[in-house]
Amino acid sequence: MKLGDHLPEQAFSEACGVSRTPIRSAFKILKLNEILEWRQEEGYFLSMSTADQATKALQEVQEAEDSLAHRILSDRAERRLDEVQSVSALSRRYSASRNAVLIALKILSQDGIVTQLPGRAWAFQPMIDSPKSIDESFDFRLTMEPQAIVAPGFSLDIKRAGLLRSQIDDFLHAEEIRATVGGFRRIDNDFHSLIAQCSGNRFVRGSLVAHHRLRKASRMGNSMPSFRLRQAMVEHLEILDSLERNQFDLAADQMIVHLRRSRIRRPEAANRGIPPLQRGPRT
Amino acid sequence: MNQSPTIALFPEAGFGAGLNCVGIAQELRRQGANPVFICHPGFTGVFAEYGFKEYHLPQTIKNSAESVEDYWQSFISTHRPHFNLNSIEQLPTYVAPTWEAIVDTAIAVEDDLAVLLDRIKPDAILLDNVIMFPAIAKAGCPWVRIVSCAETELPDPGVPPYLSGIPVENERDCAAFRKEYEKCTRASHDRYNKFRKSRRMPDLPPGIFIEPSPTLNLLLAPSAIRYDRKVPLPEKQFVFLEGCVRREPAFELPAFPVTDGPLIYTSFGSLGAIDTDLIRRMIDVFATIPARFVVNVGGFEESYDHIPDNVFLGNWFPQPSVVAVSALFIHHGGNNSFCEALFHGVPSLVMPYCWDGHDNAQRAEATGAGRRVDRAIWTAQTLRSEIMSLLEDHETQERLRGISRQMQTKSGTKKAAETILDAVSGTR
């Protein structure tokens, strides 16, 4: 795209597989950051002339989005914050007003990541951040994700599935050095969230959507070799293939295989002469 | 020989040997071979994640999850204090019982290993272990020994005794250590020789649990840290590699609340991670240093809280990729860790706790590749001072960059794969 190009809301809405409302909201943020300009009766136009300008502006947007809620969540996931926090302690740590901290906590509480305790304290809910919790997460998903597919009324969102396919293709065709674990996790979470959202069972849908939000928020520490990253991406494509052919039983079985492969974990500890320890010690 | 020879890699049940073999297997695959792994129970999937076929030694009652947990619990409470002893004090307390356990495992897997090898019918076997398995010698194909511990594993008058961490010039201490080593390992060694005899294998000399392969032996030690051997190893049979560093996905630097300062990576391997008290004390020191620290705490993340803003914990990192972007590597002297630091031109601060960690710590100091810290006596002040001095030592950094350039032009994994395939095809 070049300076002055028109950005039709409808085209972006179709490309992203979402309604025009979030596109309009995104355009408003880009306008506030002077990346787009808005003309009465005409819509939005690109107001950046060079790639460098656009990159810098996007970085600024990214920083703006790197909100207090995100910082609090990251610090909790990285064990910098205790389980129970007060608004004043957070206010001091982040040099933010009490009001800003309260807004951040409310944002996090909407995702079930914190809850307000009686009084003024807030408590973080368990995250998926230890070998045991990762194991429990896989147990939960092995039960629920195939169920999300085989429950009556599953309806694949073809547009979003198409978008996901192209992201997966890009990942699979990227140079090994560019196919990172972080990039994998973003696509992986989008894939599993899509499956959850397309389920015909509202309770399965609700539980899984919330769980995937928690997965996204949690810092899942395990790095994986490139081979497994690519293999898992191919498994995603195979599940999408089956869903598009309405072979739901097959897709559910493929999901089980995919999750079982993904949950294989390295031993916790190993040493000469001792059988490797699969799970962390009891103390 | 088969167009695509099947090479069975059999690493011991540890990450050092296992991941070292992954590096060689990646290159063997690239050069057209068919590398497969023989896995100990507990390592299921570790090699499959790198795309290699696995064959598994069976799970025994002794290896059930419950008994393994009991074993480790007892191991941790028994041996954690021993890691603070010096290398000669560790001989009766840690090294002797470890050799007993190693001999136990070698005897226990022998029959199953023979069955697996008969099923795989490999064109060659790569053994990365500290003990020999008669089934390998009798498999009817060439076997290659990978010496993935320090070079000290192959004795020579010009090389200090294995596991001693004593400079070779200190002849009196070396002699005392050799004597004590033979004494402490005698019982397990006698038992092992009896086992070998029962399998029609010749006795090994005192203190030696594995013989050189008649075909090919690969040593990881890069030229920068090699010893001047009094009896040179025959070049046809013994090949030195410039390390053997595997490929991992690029490391994405985590977002620290503190955004500046050099990156320092700390990892004591999966065994070292059990000493959470020590790592916690180190993290308190890290908080006072103007640098960012990535710390591998293994499966013990739940033991930590109040992590400082310049520290990031994880249970597993793509280590070679992290070391590549680090200014300093604090490690236990594991041979892979030491070689990776040299490969990427990164100074080592070695805090050994057992086995050849002592040897590599001594060698790092002797060759100017890093410094050694005694895990039993360091203080916040001495640790801080060691870290700062290595970060500011531009002369060492420049020298290490030269070593790195040399190692990177002679890929250890590539040379290993080429040499193995030549040996298998009989052209070597």
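The model is predicted. In it, 45 residues of chain A are in contact with 61 residues of chain B, and about 4,600 Å² of area is buried between the two chains. Over all chains, 32 salt bridges are counted, but the count between chain A and chain B is one.

**Chain A overall**

- Chain A is built with 12 helices and eight strands.
- Chain A has 283 residues, and 46% of them count as buried.
- Taking contacts in chain A between residues at least 6 apart in sequence, 63% join residues at least 24 apart.

**Interface of chain A and chain B**

- Carbon and sulfur atoms give 54% of the area buried between chain A and chain B.
- Polar contacts across the interface of chain A and chain B come to 10 residue pairs, both residues being at pLDDT 80 or more.
- On the side of chain A that touches chain B, at least two residues each come from helix 9 (181-197), helix 11, strand 7 (269-271) and strand 8 (274-277) of chain A.
- That side of chain A has 16 nonpolar, 12 polar and 17 charged residues.

- Side chains of opposite charge can pair when their charged atoms come close.
- A:Arg261 and A:Glu235 form a salt bridge through their side chains, at 2.6 Å from N to O.
- This pair links distant parts of the chain: A:Arg261 is in helix 12 (residues 248-262) of chain A and A:Glu235 is in helix 11 (residues 226-244) of chain A, 26 residues apart.
- A:Glu235 has a relative accessible area of 6%, so this residue is buried.
- A:Arg261 has 37% relative accessibility and therefore counts as partly exposed.

**Salt bridges of B:Arg371**

- B:Arg371 and B:Glu386 meet in a salt bridge between their side chains, 3.0 Å from N to O.
- Because B:Arg371 lies in strand 13 (residues 370-372) of chain B and B:Glu386 in helix 11 (residues 380-392) of chain B, the pair ties together parts that are 15 residues apart in sequence.
- B:Glu386 is buried, at a relative accessible area of 16%.
- B:Arg371 also forms a salt bridge with B:Glu365, where the closest N and O atoms are 3.4 Å apart.
- B:Arg371 is partly exposed at 36% relative accessibility, and B:Glu365 is likewise partly exposed with a relative accessible area of 36%.

**A salt-bridge network**

- Salt bridges with shared partners join A:Arg93 and B:Asp309 with A:Asp75, A:Glu78 and A:Arg80 into one network.

**Sheet in chain A**

- Three strands of chain A form an open sheet in the order 1-3-2, with antiparallel pairing.
- Strand 1 (6-7) and strand 2 (36-39) of chain A are at the edges; each has a single partner strand, so one side of each has no neighbour in the sheet.
- Strand 1 of chain A runs antiparallel to strand 3 (residues 43-46) of chain A, and two bridges join them.
- A:His6 has A:Phe45, in strand 3 of chain A, as a bridge partner.

**Strands 1 and 2 of chain B**

- Strand 1 (residues 6-11) of chain B runs parallel to strand 2 of chain B, and four bridges join the two.
- B:Thr6 is opposite B:Asn34, which is in strand 2 of chain B.
- Strand 2 (residues 34-39) of chain B is mostly covered, with five of its six residues buried.

**B:Ser404**

- B:Ser404 is located in helix 12 (residues 394-409) of chain B.
- The relative accessible area of B:Ser404 is 9%, so this residue counts as buried.
- Leaving out residues up to four places away in sequence, B:Ser404 touches B:Leu342, B:Phe343, B:His344 and B:Gly345.

Technical notes: Residues numbered from 1 in each chain as written. Chains lettered and ligands numbered in written order. Predicted model: local features only at pLDDT ≥ 70, side-chain atom pairs only at ≥ 80, totals over all residues. Heavy atoms only, no water. Buried < 20%, exposed > 50% of the residue type's maximum accessible area, 1.4 Å probe, protein only. Contact = heavy atoms within 4.5 Å. Salt bridge = Lys/Arg side-chain N within 4 Å of Asp/Glu carboxyl O. Buried area = accessible area lost by both parts, 1.4 Å probe. Polar contact = N/O pair within 3.5 Å; in protein donor to acceptor, adjacent residues only side chain to side chain. Nonpolar A, V, L, I, M, F, W, Y, C, P; charged D, E, K, R; others polar. Pairing = 2+ DSSP bridges.
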